[in-house]
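Here are a couple of exercises on pockets and helix packing. Grab your viewer and try each one before reading its solution.

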Amino acid sequence: MITIEERAGRRRRLIEALRREDAPTDGVALVQGAPKPSIHGRFRQFNDFGYLCGVDTPHAYLALDVHDGSSHLFLPYQAPDLREREGPLASAADPEGARRSTGVDEVHGIERLASFLERRRVVWTPMRAGEGAMQSWDTLQRAAQERVSDPWDGRPDRHRWFVRQLRERLPQTCLRDLAPFVDELRLIKSEGEIALLRRAGRLAADGLVAAMRRTRPGVAEYQLEAELRYVYLDGGARDVAYRAIVAGGDNAWYGHYDRNDAVLADGDLVLVDCGPDYQDYASDITRIWPVNGRYSDLQRELYGFIVAYHEAFLRLLRPGVTRERVQEEAAAEMVHVVERTRFSHPIYEQAARRALVFPHHLSHPVGMAVHDVGHYRGRRMEPGLVITVDPQLIIPEERRYLRVEDTVVITEDGIENLTAAAPLDLDATEAVIAQGRG
């Protein structure tokens, strides 16, 4: 659980970062909260807002005064009938209660935001969409691009409309992007965040083990997805952090396959990639296993190689070095594996050698979103950085795609594998599948 005191510390660090940028003393950092869901679903706050202020009220705004460091929460009034129907929310009708529950300095009605922003020389606000349930910055970016390219749509999304409103209503105010400052804060996780990520990682691994035990020919992909989600929900998660990839046979070729409606066939492999949303923190894990419970010789040859590559990354990751340095070290170690392996076909050796120069085996940060914000490439890794280890083997001649993935946190002397409870070893994987058939 993230405490009120931790969120207050985040707000202070954000203000300090803006002050180091010589922000004007009459500047304000402004973050827009998430709207009320338009579906019959549970409200989930935008990540930036939740990171800085833990309030689950739709249509909230948070303003941080750069001059005096004060925090101001602007809330709507909850109608009595909605309060009776949905339960109480933090509201402008009870400013003292909202102040106590969030730790902000002042709580105002939403109608006071305009006057609060008047005559401010600079307003810093994120120039990117807020991440909600099952969303990451990259998925939001792609959706916005497709919407703009639709000649019958093209409407601005919520954050672009908000920025437009600020420019129109505050013509004398300079708008600047707050996102890089928030991204930098969110990149390195606190002990409280790591505790939540550790729990999310354990649920991710346990869900995968349950799916392994459920696997047999004739089972549908969505039935494995159901096993995952049951474990997540039963363990206290909100639900999945992203749409599960459960790809049997040829479906694994599509890196972000999400139909999950095919029937698993004897002799095929199934690729499963999923993770929970646990108290607003995600996890990410991938394993591949045989539908019939036994890896064939070829499956062992190819998947065994990528598991060995994965294990090399796990051994070599540590603080004080760059991602690029670790990739070079892992490739140097694995080239000896390639040279002493008798591959059953030249295209497999060629694919293995290509994998040694593929630059993205150490992948994205993980945090409040599965593809979390912040940039760690080209800089030395430090304790508290949470990323995925995700080596891949691509054989286009046969449309084969194999990978294995864990979520790890960089520690003072190496890593902690947050999803280690799911087996990597091929024999151990077969033993887990057999447990479901005993």
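**Exercise 1.** Work out which elements each supply at least two residues of the lining of the largest pocket.

*Solution.* Step 1: the elements are α6 (137–149), α7 (158–169), α8 (179–187), β13 (362–365) and β16 (400–403). Helices (H or I, at least four residues) and strands (E, at least two) are DSSP runs, numbered from the N terminus. This is a predicted model, where local features need pLDDT of at least 70, side-chain atom pairs count only at pLDDT 80 or more, and totals for chains, interfaces and linings use all residues. Residues are numbered from 1 along each chain as its sequence is written, and side-chain values use heavy atoms, with hydrogens and water left out.

Step 2: α6 gives the most to this lining, with 8 residues.

Step 3: sort the lining of the largest pocket by class and you get 14 nonpolar, 15 polar and 15 charged residues.

**Exercise 2.** Describe how helix α11 packs against helix α13.

*Solution.* Step 1: α11 (residues 297–316) and α13 (residues 346–357) pack at an angle of about 15°, with their axes 12 Å apart. That makes α11 roughly parallel to α13 (angles under 35 degrees count as roughly parallel).

Step 2: list the contact (heavy atoms within 4.5 Å). From α11 come L298, E301, L302, F305 and Y309, and from α13 come Y348, A352, A355 and L356.

Step 3: classify those contact residues, and they split into 8 nonpolar, no polar and 1 charged.

Note on methods: Axes fitted to C-alpha atoms, helices over the stretch in contact; angles between N-to-C directions. Parallel < 35°, antiparallel > 145°, perpendicular 65-115°, else oblique. Nonpolar A, V, L, I, M, F, W, Y, C, P; charged D, E, K, R; others polar.
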